Amino acid sequence: MSNERTITIGIVAGEISGDALGGDFMQKMNAVYPNIRWVGVGGQAMTKQGLTSLIDMSRLSVMGLLEVVKHLPDLLRAKKQILSELLNQNIDIFVGIDAPDFNLRLSKSLKNQGIFCVQYVSPSIWAWRENRIHHIKAATDLVLCLFPFELDVYKKHNHPAVCVGHPLLNQLHGDERDHAVRLRELLDSQPNNDKLACLSNAQHKICLMAGSRNTEIHAILPLLLDSAEQICQTLPACQFILPVVSDAHADLVKQLISQKQPELLNKIHILSADNNALTAQTNPANKPPSLSHLCMNVSDVVLLASGTATLECLLLERPMVVVYKVNRLTFAIAKQLVKIPYVSLPNILSHQQTGQAIVPELIQQDATACRVSQAALAILDNPNAQIDKLTQTNKALRASSQHNPAHAVLNAYLADETENE
């Protein structure tokens, strides 16, 4: 296919993180094939790369079963509207960015019309409900996966898939600068840092991360506070850093600390991204690190809820203890459905590579203050034991995630075109 020929690509993202991933993908595509016309649904990042948006992305940003049911009529109207317009635009390729419940249904309709269809971010069929692979095969010609362990299920079912790596791989590195520089940067970014100055002299700095949602904070933070109190009994000179995404979350955290462990108010330093001068910088040529990444980097160990933050911690090569607690019924159902032995990405990745876990996971009834504090103290006593394993897993992940998503899509599309001629 000559680069002079214009191709039209339909692309749909359903929420902010999808818009960021879609924008990055479009930028890579534009770099290797300049004659692309983009049409679909996205936000600011995708619009910046040339997207003509058909509807407001907020119509698709619906989370939770009850919310989906409530908005189902509009979601069905949106699907019909997008499908009609993409067909009218005679698109050559369709790329669904995450949002599999919506995008795979749209993709199946387009594939039935002979359009080459790609799903960027695989549904978690490697963890549960593997039978969804049949729906994915009916709806797509290619799946772009974020992690190498996702490829096995596609090989098993003979469906094209490529590991292109998680976007965080390009943003986070464990060997950027020493901790003294990171700590100085963090302290200098605060408008009033007198209280934080004691962090510089703390023998041990421990980061607490309960999650970014109110429900997670209510479920996880009390456990982390009890764990912090027990750690203080052994290491009275330690200090804690607790980053939050907003001032509203900072107020909630302060309230919970005051209620549960008021004696820790002077030892836990709550930092809000809303008030962080460093993360408020807007120089696009030198994008500042996020507050949570800075806090991880200056800490000797991170106690955190299972989620994307565990991947961030892995990429920064910071020792961690992973905890999680959910509703008993939810846990009982998940235990029956999920077929993998671990919940955190560092352990899932390491288990695939070496057959072993590398970070402590304390889930549900195992998530007690005694066990969390003991795990943290063991790491502080010998941090390099975990850091070495994190470094090995990090290197292996990066080595297996070298495919450019733009090349993967174009090569597969060209091969499909040739086969159908």
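Predicted model: local features only at pLDDT ≥ 70, side-chain atom pairs only at ≥ 80, totals over all residues.
The chain has 421 residues, of which 49% count as buried. Its secondary structure comprises 17 helices and 13 strands. The accessible surface amounts to about 20000 Å², and carbon and sulfur atoms contribute 50% of that area. When contacts between residues at least 6 apart in sequence are considered, 66% of them link residues at least 24 apart.

An open sheet is formed by 6 strands, arranged in the order 10-9-8-11-12-13 with parallel pairing. Strand 10 (268-272) and strand 13 (361-363) each have a single partner strand and therefore stand at the edges, with one side of each left without a neighbour in the sheet. From one strand to the next, the twist averages 20°. Within this sheet, strand 11 (residues 301-305) pairs with strand 12 (residues 320-324) in the parallel sense, over 4 bridges. Leu303 has Val321 of strand 12 as its bridge partner. Helix 15 (residues 369-381) lies across strand 8 (205-209), strand 11, strand 12 and strand 13. Relative to strand 12, helix 15 runs at about 165°.

His157 is located in the loop that lies between helix 6 (151-156) and strand 7 (161-163). Its relative accessibility is 18%, which is under the 20% cut-off, so His157 counts as buried. Apart from neighbours within four places in sequence, the residues in contact with His157 are Glu130, Ile133, His134 and Lys137.

Technical notes: Residues numbered from 1 in each chain as written. Heavy atoms only, no water. Helix = DSSP H or I, 4+ residues; strand = E, 2+ residues; numbered from the N terminus. Buried < 20%, exposed > 50% of the residue type's maximum accessible area, 1.4 Å probe, protein only. Contact = heavy atoms within 4.5 Å. Areas by Shrake-Rupley, 256 points an atom, 1.4 Å probe, with all protein chains shown as cover. Pairing = 2+ DSSP bridges. Axes fitted to C-alpha atoms, helices over the stretch in contact; angles between N-to-C directions.
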